[in-house]
Amino acid sequence: MNSIEIYIFYVLIAIVITIGTLFTAINVPAILVLFGVIMIMITLRSVTDKMYRGILLVLTAIYSVLSGNIPAFLIMYECSFRREVQMFLPSTVYMIDILAMGERNIPEIIFRSLMLAAATALIHFIECVISRYYDAKRNISQNINATALSEMYTKKLNQELIIKNYLADRNARLEERENISRSIHNSVGHSITAAIMTLEASEMLFDKAPDKSREKLVIAKERIRNGLDSIRHAVRVLDSEAVNISLSDFINELKIAADEFVMDTMRTIHMDIPEADEEIYIPREHTEFLTGAFKECLSNGVRHGLADVFFLHITTDSNHIRLTVKDNGKSDFSDENASERLRNGFGLKKLRSYAEKCGGNVVFSNVNGFMTEMTLPFEGGHNE
């Protein structure tokens with residue numbers, strides 16, 4: 001329970017005990033005055049943590065003695081000492097008070113003290129039940145809010161990924177169409193224009209120089225055939241998907257993903273990226289996986305580790321690419337629970353599964369922040 005709930009609980013205990021005490025109290029006005037002062041002390045203590053505890057102990061002791069009522073000693077539970085002291089304080093003070101008054105019926109004193117201790121334990125049990133109820137209610141509310149936020153965040157990322165992929169695909173196709181139209185205009189148009197001019201020359205030479213006219217016809221036919229081949233090549237390019245992606249394009253994708261993440265979360269990403277080698281091409285499937293894995297590492301670092309600084313490092317050669325993502329978050333990942341985490345964690349298991357399927361590997365570590373290192377092999381080559 002929070003401080004307000006604890007304060008209300010103690011006030012209710014004091015009110016119930018006081019109502020029961022008034023019927024047997026020796027000095028009712030004194031009991032009422034002490035009750036008011038005790039309420040003030042409880043309020044002050046709730047505001048200033050554990051201050052006034054000593055004063056409250058003295059007041060509750062006087063209250064219990066003046067009441068002449070055994071249950072009145074339960075009000076000493078209000079003093080809020082350590083649990084083991086708080087539970088036995090009423091019965092202990094009662095035993096000291098009754099012995100000081102000259103009572104010598106030891107079995108009766110012990111019996112009453114045990115009954116008082118049992119009543120104190122019952123109050124403690126009720127407090128624990130109420131506390132667990134409020135804690136469970138609060139945890140359920142927090143879990144619902146966290147789940148809702150996580151679903152909204154995941155949905156937002158998925159929508160952005162879908163939109164980005166759509167726009168990237170559309171822009172790529174528009175750019176390819178522009179290249180194709182330029183190629184058709186420059187090469188095919190020139191071939192057809194030259195073929196028309198050759199046919200006109202052949203027509204003019206048909207009667208005067210048949211051999212030259214026939215030669216012009218062969219040239220025109222070859223021109224048209226070349227134009228037709230150019231058109232077919234352009235159509236094949238338009239209908240095919242690029243198998244490989246250049247390293248520079250892949251790095252640009254990572255930079256765009258990092259910029260979007262920084263804009264959305266206000267986190268910091270330090271990037272150690274090599275100069276793009278235009279002669280290195282990476283399989284499109286690898287680049288899509290590594291881009292998604294990079295985003296997964298960023299979102300996991302924020303969601304699970306509360307990280308606010310990330311480090312991205314990339315190394316490549318003609319046959320391998322290695323992408324390392326490290327954060328400054330707090331994670332409970334360790335060598336002892338690594339197998340269980342990889343077995344139960346869908347994201348981590350997905351990363352390892354893809355890497356092993358491709359002949360690569362993924363290494364996870366948690367030293368001064370969580371780190372994911374992914375290495376994928378590929379056959380260096382040109383775009384197809």
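Buried means under 20% relative accessible area, exposed means over 50%, and partly exposed covers the values in between, with a 1.4 Å probe and protein chains only. By these cut-offs valine 243, at 45% relative accessibility, counts as partly exposed. The structure is a predicted model, in which local features need pLDDT of at least 70 and side-chain atom pairs count only at pLDDT 80 or more, while totals for chains, interfaces and linings use all residues. Residues are numbered from 1 along each chain as its sequence is written, and side-chain values use heavy atoms, with hydrogens and water left out.

**Overall composition**

The chain has ten helices and seven strands, where helices (H or I, at least four residues) and strands (E, at least two) are DSSP runs numbered from the N terminus. Of the 384 residues in the chain, 33% are buried. Contact means heavy atoms within 4.5 Å, and among contacts between residues at least 6 apart in sequence, 66% join residues at least 24 apart. The accessible surface of the chain comes to about 23,700 Å², of which carbon and sulfur atoms hold 61%; accessible areas come from the Shrake-Rupley method with a 1.4 Å probe, and for residues only the protein chains shown count as cover.

**Nonpolar cores**

A nonpolar core is a set of buried Ala, Val, Leu, Ile, Met, Phe, Trp, Tyr and Cys residues joined through side-chain atoms within 4.5 Å. The largest such core has 37 residues, and those with the most contacts inside it are Phe250, Phe289, Leu290, Phe294, Leu312, Ile321 and Leu323. Two or more residues of this core come from each of α7 (247-265), α8, β4 (309-316), β5 (320-327), α10 (346-357), β6 (361-366) and β7 (370-377). A second, separate core of 29 residues includes Val11, Ala14, Ala25 and Tyr94. Phenylalanine 250, when residues up to four places away in sequence are not counted, touches Ile245, Ile282, Thr287, Leu290, Thr291, Ile321 and Leu323.

Helix α8 (residues 284-305) has 22 residues and reaches 30 Å from its first C-alpha to its last, close to the 32 Å expected at 1.5 Å a residue; the expected span is 1.5 Å times one less than the number of residues. Leucine 306 follows α8 and lies in the loop between α8 and β4, where a relative accessible area of 66% makes this leucine exposed. Most residues other than glycine have a negative phi. Phi of leucine 306, in contrast, is positive, near 55 degrees. Asparagine 368, in the loop between β6 and β7, also has a positive phi, near 55 degrees, and counts as exposed at 73% relative accessibility. Valine 243 is placed in the loop between α6 (210-239) and β1 (244-246), and its C-alpha is separated by 5.8 Å from that of arginine 284, although the two residues are 41 apart along the chain.

**Surface patch**

Patches are made of residues with over 30% relative accessible area and no salt bridge, like charges being joined within 9 Å and nonpolar side chains (Val, Leu, Ile, Met, Phe, Trp, Tyr) within 5 Å. On the surface, Met95, Leu99, Ile106, Ile110 and Leu114 form a nonpolar patch with about 420 Å² of accessible area together. Helices α4 (83-100) and α5 (106-205) each supply at least two of its residues, and the largest share, three residues, comes from α5. Leucine 99 is found in α4 and is partly exposed, with a relative accessible area of 35%.

**Salt bridges**

A salt bridge is a side-chain nitrogen of Lys or Arg within 4 Å of a carboxyl oxygen of Asp or Glu, and by this rule the count comes to four.

| Lysine 156 | Glutamate 160 | 2.5 Å |

Lysine 357 counts as exposed at 60% relative accessibility, whereas glutamate 285, at 45%, counts as partly exposed. Glutamate 160 and lysine 156 are four residues apart in helix α5 and therefore separated by about one helical turn; glutamate 160 is partly exposed at 28% relative accessibility, and lysine 156 is partly exposed at 36%. Arginine 214 and aspartate 211 both lie in helix α6, three residues apart, about one turn of the helix, and aspartate 211 is exposed, with a relative accessible area of 58%.
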